[in-house]
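Try each one before reading its solution.

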Amino acid sequence: MSLLAHAPALQVVLPLVSAPLAVLLRHRNAAFAVVTAGAWAAFAAAIALWLQVGESGVISYHIGNWAPPWGIEYRVDRLTSFVLLLVSGMASIVLPYSRASIEREIPRELHYLYYAMFGLCLTGLLGMTITGDAFNIFVFLEISSLSTYVLIGLGRDRRALSASYRYLIMGSIGATFIVLGIGFLYLMTGTLNLADMAVRIRDIESSRPVLAALAFLTVGISLKVALFPLHQWLPNAYTYAPSAVTAFLAATATKVSVYVLIRFYFSVFGESLVFAKLPLPEIMLLLSLLGMFAANFIAIFQDNLKRLFAYSSVGQIGYITLGLSFDSFNGLAASIVHLFNHGIAKGAIFLLIGGIVAAGAKAGTGPLPLSFDRLAGLSRRMPLTCFGIVIAGLSLIGVPGTAGFVSKWYLILAAMDKGQWWLVAAILASSLLAVAYVWRFVEAAYFRPAADEVRREAPLSMLLPAWLLVLGSIWFGLDTSVTLGSALDAAQHLIGSKP
Amino acid sequence: MLDHFSYIITVFLMVSGLYIVMARGNLIKKLIGLSIFQTSVYLLYIVPAKLVGGTAPIISPQFSVYSNPLPHVLILTAIVVGVATMALGLALAVRIREAYGSIEEDEITRLDNAAEQAETR
Amino acid sequence: MTAADFILVALALPLLGGLGIVLAGKQPNLREGVTLTTAALLFYCVLQLLDPVLAGQHPAVTLLEPLPGLPVAFSVEPLGMIFALIASGLWIVNSVYSIGYMRGNGEANQTRFYLCFALAISAALAIAFAANLLTLFLFYEVLTLITYPLVTHAGSDKAKNGGRVYLAILMGTSVLFLLPAVIFTWHAAGTTEFRAGGILPADLAPATVCLLLALFMFGIGKAALMPFHRWLPAAMVAPTPVSALLHAVAVVKAGVFSVLKVIIYVFGLEALAGATGWLVAIAGFTIVAASIVALSADNLKRRLAYSTVSQLSYVVLAAALLAPLSVIGAALHIAAHAFGKITLFFAAGSIYTAAHKTEVSQLDGIGRRMPWTMVAFGVGALSMIGLPPAAGFVSKWYLVSGAFAAQHWLALAVVLASTLLNAGYFLPIVYRAFFRPLSADAEAHPHGEAPWPIVVALSLTAAGTVALFFFPDVPLALARQLVVAP
């Protein structure tokens, strides 16, 4: 068998191996090299899988050659490969960035541990995505969560510790809910393989344990998704984590959780149960709208730039779950494509913010140069950074020509399919709130007088990855064959033909 | 009622664990609550898998009643995860105690708010 | 090169020019040289497209396809040709003027200014050539964003606040109204391509058509239909060349141009019959109300801004009448108003540069010190009022004929009233400038004409205004194609 045939396993194994190697090597440069190599290899595997799925459809890989449903199956379809692409791609971009970034944010002797944790976190996220086994999802979820708590706790501010602790409590409750849900499903169906479970669940889908399982899974995953109002762990965790960690988490962690939600809803329970028989879509619609408005509104009044965009993430997750709640082809496509588009735009913003922190630390202006007073006139000091944040911000708003516009277009189309004009108005109005918070940054950075006007950009090794994502959020607004193509394919696969 | 006593215990543990996590302000007590909560889930998996008099599934003419091994294995994994979570949580509590001088949530929130106000001023 | 190539070259030229401007940023003379060369080349490219369009061809090119079935594509039709000719032609004159103005007033950040200017022209041309609603919307938003740094060029608090209003209204209307209108069109028609006779399905309920029209008309905030006109006066904090080109030509014309495009090519004139009564009323109200505000404004640029609001609604009114003659009038008015209003803004900037005066009440006797400027101002004023020998007369003639043909007496009354009001707020300025004695304050501060590039520029546009009266053949021929079935 060629190497390519084992791509699904390599996808997870390579970053998994890189993490303990990093610990054994005990040297930050070596650890950096190993984990980055692992991430890049994973990215290559993801590209290979994406191409392969495009040619030959769903790939089923049997771990240790044990046939499902007895053995663990890795199952790669369009959606899986698309999310794998996002996660491994983001890791490949963030890792080279972190080298210079953590230099100023994490004590040197801990660097090798940082890379090890990063590798584990990546492993967990990729594993959650690729596995076709319910309990495996939980295990990988905990691998990524535990390493995430550590990564957040590495932040310099002591509030990083309390944020990490709070996330640990909330996250563990969420994960335990997920195991509960999986447990009920296992008790009822006697299988852990998702595809097998989906078949067996048909006869008993209205039984009470199955409904309980659905409820536990929904709440548990929503906690990890940070669906409003289960988002309380997110703002502090994003604000005080090291910059590179924030960027990676914002771009991938919540997205993978959304993916798991989609998997359970559409591939296991089936849309007829989730959306037709239960009031779930109404509840999800309401919570999404609340998130879009409340979180975006709160974001406008934040004084810390990182926290501002953290709240914005909660709002943007509202768009994704809103698309899900429509239970339509266009809605699902909008959600899936927004996973990706929001991931790169938000990743770009947090990477650039990390640049501001780094430049501020170099100049010795104190720990967190992110309050709006300190940002005054920033465009004179860091023109490239500021311009990048503005462009990525435009993508958050959904200005045409940026990636965000594509998602917004499909989201509105889905609302029109339903004939819900008030929803169209609500989506558009909430995107105006995004204009407000992005423009707060613009006015501070471009119009307020600067304390000093010495040019002090972030190092090139940080600017380049960030700008790669900035350009990405324009590129994927103009050429959508990869993003929208995958999303439409995936939606078709999940929901059947276009209505 | 008595037939379901194991489930009743499970639910009791689950609810009391969750209650402790939410109601207690002490970081260590919260972790204890979390642990109880997780333990209840272990029970939920193990109870239906265990048959009275059943053994491990070893092919041997002496035994005819087997317990389902899969949930046991799963929960073994879950226990490992739980231990790791607990270790990390306790380590964080230690670090928090070092940084804040307290492990009471109210006190930590108060210090955090004070720091925030100092920043915005 | 084929005509389609010229479209792409015309769109790319200002971008390349922008690059050149940045590279030459350290040497002002070279930088301005790049601007002028680019502008001249651009005008040449656009001219190459004129013959095919006059011959009835519509050269087209597709750039890329971001959404399935929704390409970013360009196609040159008569109306777009008029807009493109004006935008590219006046850019040359405006660049000459900018050089005089920006240097005369010692403005900062001139490289950024010329760069954004070039990019804005590119966006305006892309709007002019847009082959479908998506492309139009894309570059409509780009134009808003690219002109934002121009509006806030001064960087002062006043500029920031003006910029806020500018962005809030233009972004707000386009996101809240225009975007859903575009998506609904796609949803209902399955295409957003501009086609003669409209693309909307015939079975759409009249109420839906009305609602969609309202979304489009108010969504195109750049057309400054009341109550979404406030951005225009707010944007007057910009340096005068910006006000002149962008707020007499590119931005506002992009607005009314989009209105015309939507009415002619999305709805179709026949399909709208009976659905535009309210639009005539609102446009009429805007014309009269804005004129009355202009009457009481003492700040010269503010008066010009409100005059623009009022004149833009002429185009909307003419289009809403749906009569073939009035649609010709609307297309002509885009050209006529552009020449007249840019002359007026040039004059205002000239007065500011030479005499540092911004209020109408300070202009006593200024005509004797700045004869070129004030004569040009007079020509522009005549065009606004609609008197011969200025271009405004021609477009107004078609507009009035159209209103007669449609038997729309309200529209006629509005045009008549606004003509009087126009005269009421422009002629006193001309009278003041030539027939009142200089004030004591002005006696103490002698000054002459503005720097020569300014004088050359405003003389050229004034001459253009008159020339359009005597030789309206080309725009007329293009405008006629709009209403004659191909």
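**Exercise 1: a charged pair**

Glu105(B) and Arg166(A) join their side chains in a salt bridge, at 3.8 Å from N to O. This is a predicted model, in which local features need pLDDT of at least 70, side-chain atom pairs count only at pLDDT 80 or more, and totals for chains, interfaces and linings use all residues. Residues are numbered from 1 along each chain as its sequence is written, chains are lettered from A in the order in which they are written, and side-chain values use heavy atoms, without hydrogens and water.

Task: find how many salt bridges there are between chain B and chain A.

Solution: look for a side-chain nitrogen of Lys or Arg within 4 Å of a carboxyl oxygen of Asp or Glu. The count between the two chains is 1 salt bridge.

**Exercise 2: the interface**

Task: work out what area chain B and chain A bury between them.

Solution: start with the contact (heavy atoms within 4.5 Å), which takes 39 residues from chain B and 32 residues from chain A. Next, take the accessible area (1.4 Å probe) lost on putting the two parts together, summed over both. That comes to about 3200 Å², with 73% on carbon and sulfur atoms. Finally, Tyr45(B), Leu88(B) and Leu92(B) supply 16% of the area that chain B buries against chain A, more than any other three residues.
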